[in-house]
Amino acid sequence: MKILSVEQIRVADAYTIQHEPIASIDLMERASRAFVNWFCKNFETGNFKVKIFCGLGDNGGDGLAIARMLQPLGYDMEVFVVKYSDKTSENFQINLKRLERQLTIKYIENEHFTLHFSENDVIIDALLGSGLSRSIEGLLKSVIENINRSEVTIISVDMPSGLFADKSNNSTDTIIKAIHTVAFQLPKLAFMLPQNEEFVGEWHIVDIGLHKDFIQNTETRYHFSTPKEVEKLIKPRKKFSHKGTFGHALLIAGSHGMMGAAVLAARACMRSGVGKLTVHSVKSGLPILQTLLPEAMYWEAWNSKSSDFIATSFHVDDFSNHFQAVGVGPGIGVNGIIRTSLEKLCEICRDLAIPMVLDADALNNFSTEKGRSAINKIPESSILTPHPKEFRNLIGKSWKDDYEKLDFLREFSVRNKVIVCLKGANTAVALPDGTIHFNSSGNAGMATAGSGDVLTGIITALLAQGYEPKVAAILGVYQHGVAGDRASERFGMTSMMASDIVENIRF
Ligand SMILES: NC(=O)C1=CN([C@@H]2O[C@H](COP(=O)(O)OP(=O)(O)OC[C@H]3O[C@@H](n4cnc5c(N)ncnc54)[C@H](O)[C@@H]3O)[C@@H](O)[C@H]2O)[C@@H](O)CC1
Ligand SMILES: [K+]
């Protein structure tokens, strides 16, 4: 699903009005109806009052139309119009006239207002939407501060009022803190970013029938990978296939005291459909891995006498005609010898065109001053899976906000021609073509030790099966999240562990 800018949404709106064709006021009616349908499904009539706060533009117009539609359905309504300006939109005016016939509207015209909220109230925020052009001040600011203090359920129409859809707010800005945001047709970039979580709450999309052709033909750098889109990427397993069909993966992971990382990645790899798996790790890890995962083969690190790190002088003969994918990083440790051996590994994979996943310590080895100058050795189209701290170390600089983080992410991915999965809620998968794809699955329970190792295993397995790197990244991240969602259903977010994610992988 595309994420369009405010400007693009405005054009989509105009295009729909012209080409469907539909009158602007009827499009607003359709949008408001879509909101109402969502609302009725989620909030059955009962012992509570719905308080709608309307601005003076089209977002306010939506609010008035929503009030008109909800009242006959049995909701106890109170409608407030905040008169912060003399200007109103045409659709607002039309909807105001329509509603005035049905109920008494209350006006908030100056700072001498008092609002009373009771615990069960539900507030619908239709003050400002995507038309926001500056930080909120004056009367609107006072009203929003009052609403936020009420601590009752707040539902925002299209956008939490005061939040910019595709650029950063000032840290002191006044913004509605919604529990739910019900957005029209497409998600906004702001919804994807951790810095906006307390304003957006849980977001939902309702279809308002914007013109499909326009959306299809509009270019954007941002995408939200919906379950429907991603699930289509899974290749069916053919009846006459054998284990050779699904590739042989090499996983380089673990060290003394860090064998859990290797086991988690390896188990996840096997659960994700790889034909064969070899794990390359330290000597002391052999009994651990062979006991916990008899399905995998073991390749002992050549010079791991002290058995506390992997530092193999990789040789091309060990790779050619052997492996279809290499995953490297979880628990391997960081030092100059390991980095040298990683550089050699990258060289071999590049020459033999073996796709790679680099995670955790593989990335940390490229995050020292010397390491950064060797980043260009990472083969094109490799998949890197850092969490934000690892990414910051890799690029050697911090970002001022989440928008700048996305810019750095895109820059890095384009410059090095690699795929970067920046992990977090809505993991961002940046492709070398400059696009960023946000993931839709997963939950906060996945912020637990070993969760990243599981992702490495999944993506390595997909590469070994011949999935194109960009598909392996987007699908792998999604399936990892789905497995995490299943694990959290069973154990709860707080109690789930990375091994529960592994046991819930299902392709
Ligand atoms: N684009 C679409 O597809 C549709 C949009 N609709 C609604 O229209 C909304 C956008 O409407 P508008 O463009 O009228 O904009 P808003 O209703 O968000 O804002 C109204 C006006 O307020 C002024 N304003 C901006 N920032 C302000 C501030 N900080 N303080 C005071 N005034 C400020 C601007 O002049 C702006 O045009 C959407 O969020 C959505 O709710 C729907 O009605 C139907 C379809
Ligand atoms: K709003």
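Reader: In which strand does Asp125 lie?

Author: The model is a predicted one. UniProt, in an unreviewed entry, lists Asp125 under "binding site". The strand that holds Asp125 covers residues 122-126 and is β5.

Reader: Is Asp125 buried or exposed?

Author: A residue is called buried if 20 or more other C-beta atoms lie within 10 Å of its own. Asp125 has 29 C-beta neighbours inside 10 Å. Its contacts, leaving out residues up to four places away in sequence, include Phe53, Ile154, Ser161 and Ala178. By its neighbour count, Asp125 is therefore buried.

Reader: Which helix holds Asn59, and is Asn59 buried or exposed?

Author: Asn59 belongs to helix α3. Beyond its neighbours within four places in sequence, Asn59 is in contact with residues including Ala126, Gly129, Gly131 and Asp158.

Reader: Which helix gives the most to the shell around ligand 1?

Author: The 30 residues around ligand 1 include Gly57, Asp58, Asn59, Gly129 and Gly131, which come nearest. By class, this shell has 14 nonpolar, ten polar and six charged residues. Helices α1 (6-19), α2 (24-42) and α3 (58-70) each supply at least two residues. The one that gives the most, with five residues, is α3.

Reader: How far apart are the end C-alpha atoms of residues 9-216?

Author: An unreviewed UniProt entry annotates residues 9-216 as "domain: YjeF N-terminal". In the model, this span is 37% helix and 18% strand. The distance between its end C-alpha atoms is 13 Å.

Reader: Why do the buried residues of α14 line one face of the helix, and against which elements do they pack?

Author: In α14 (residues 388-395), the buried residues are Glu390, Phe391 and Leu394. Seen down the helix axis, they fall within an arc of 100 degrees, so they line one face of α14. The elements against which they pack are α12 (360-364) and β16 (419-422).

Note on methods. Residues are numbered from 1 along each chain as its sequence is written. Chains are lettered from A and ligands numbered from 1 in the order in which they are written. This is a predicted model: local features need pLDDT of at least 70, side-chain atom pairs count only at pLDDT 80 or more; totals for chains, interfaces and linings use all residues. A residue is near a molecule or strand if its C-beta atom, placed from the backbone, lies within 6 Å of it. Helices (H or I, at least four residues) and strands (E, at least two) are DSSP runs, numbered from the N terminus. Ala, Val, Leu, Ile, Met, Phe, Trp, Tyr, Cys and Pro count as nonpolar, Asp, Glu, Lys and Arg as charged, and the others, Gly among them, as polar. UniProt positions are given in the numbering used here, feature names are shortened, and annotations may be inferred rather than shown by experiment. Two residues are in contact if their C-beta atoms, placed from the backbone, lie within 7 Å. A residue is buried if 20 or more other C-beta atoms lie within 10 Å of its own, exposed if 12 or fewer, and partly exposed in between; C-beta atoms are placed from the backbone. The arc is that of the directions from the helix axis to the C-beta atoms.
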